[in-house]
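Dear colleague,

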Amino acid sequence: MADNDDVPFNRNFPLQAGVVEEVRPGIRRVLCNNPSPFTFTGTVSYIVGTGKVAIIDPGPDNEAHAQALLNAVRGETVTHILVTHTHRDHSPNTGRLKAATGATVYAEGPHRASRPRYESEKHNPESGVDRDFAPDVTVGDGDVVEGQGWRVEAVATPGHTANHLAFAWRERSTTFVGDHVMGWATSIVAPPDGSMVDYMASLERLAARPEELYFSGHGPEILEGPRYTRFLMRHRQAREASILHRLSKGEADIPTMVRAIYIGIDPRLTTAAGYSVLAHLEDLVARGVVATDGDPVIGGTYRLV
């Protein structure tokens, strides 16, 4: 997205789908063949440990990807399956892997929205969520999950979804950040599934932690995670400033703001950009900076207070 040049994105990710790559000792990754404007080259699943291993984010409902993961761990035992969140590009393959391995599934919980839907909301942006997912073991912020030769701490990172978790391997200064932080683009925050207030608080939580190396759900690793996270925070603050600047010229609906703010956007991402603007507007309305008639929804018109 051409307007995001303030963030040092890295879109160099030559990994091919189905290929196993050991990126660090005890950390392997396998790319799923599900490229799109939202998933970049596809969803990345991670294998942690050797011998007795964990798989993080089994990916979408994709038999070929499940088989690629099983091939990657042939001769090993999968003891744990960890899921960062319940979007359809991350969790649906869990059932296949659990059936094949008998591994225990760990996650924050089933999918839920960040807030109740308003009666005036006609469009349902949650079509991309996995409502069939349920973990065997629920984990919350600070809980530790460990296996043979590895130990990760669950870090609550709501915002992209309400149930989003990162998994921090402190001894390796490494965090598996799911979709909360990505090196190739900013994360989508789409109410009511997501929350900008939660997203920003989660960025601050990650930035305050000591782990430097981030592995994301899409795209390449991020070498200076906390520094990069602060770029994302400043980017969102700049996006808020752009919204307020547009509203200083008069009231506007969300499509008008998207056209003014997202110059050169891929047309396929216009709807997602609108929901990101809505996420900011929800926060601004709650803070009393912006007003709208009725609930803050995608079809509303907004003005400065």
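Helix H1 (residues 63-72) lies across E1, E2, strand E3 (44-48) and strand E4 (52-56), and runs at about 155° to E2. Helices (H or I, at least four residues) and strands (E, at least two) are DSSP runs, numbered from the N terminus, while axes are lines fitted to C-alpha atoms, for helices over the stretch in contact, with angles from 0 to 180 degrees between N-to-C directions. Helix H2 (residues 94-101) also packs on the sheet, where H2 touches E4, strand E5 (77-82) and strand E6 (104-107), and its direction makes about 155° with that of E5.

This is a predicted model, in which local features need pLDDT of at least 70 and side-chain atom pairs count only at pLDDT 80 or more, whereas totals for chains, interfaces and linings use all residues. Residues are numbered from 1 along each chain as its sequence is written, and side-chain values use heavy atoms, with hydrogens and water left out.

The sheet is open, with seven strands in the order E1-E2-E3-E4-E5-E6-E7 and mixed pairing (two strands pair if DSSP finds at least two bridges between them). At its edges are strand E1 (20-24) and strand E7 (137-138), each pairing on one side only. E1 pairs with strand E2 (residues 27-31) in the antiparallel sense over four bridges, and Glu21 has Arg29 in E2 as its bridge partner.

Ala154 belongs to strand E9 (residues 150-156). Beyond its neighbours within four places in sequence, Ala154 is in contact (heavy atoms within 4.5 Å) with residues including Val139, Asp141, Leu165 and Phe167.

Best regards
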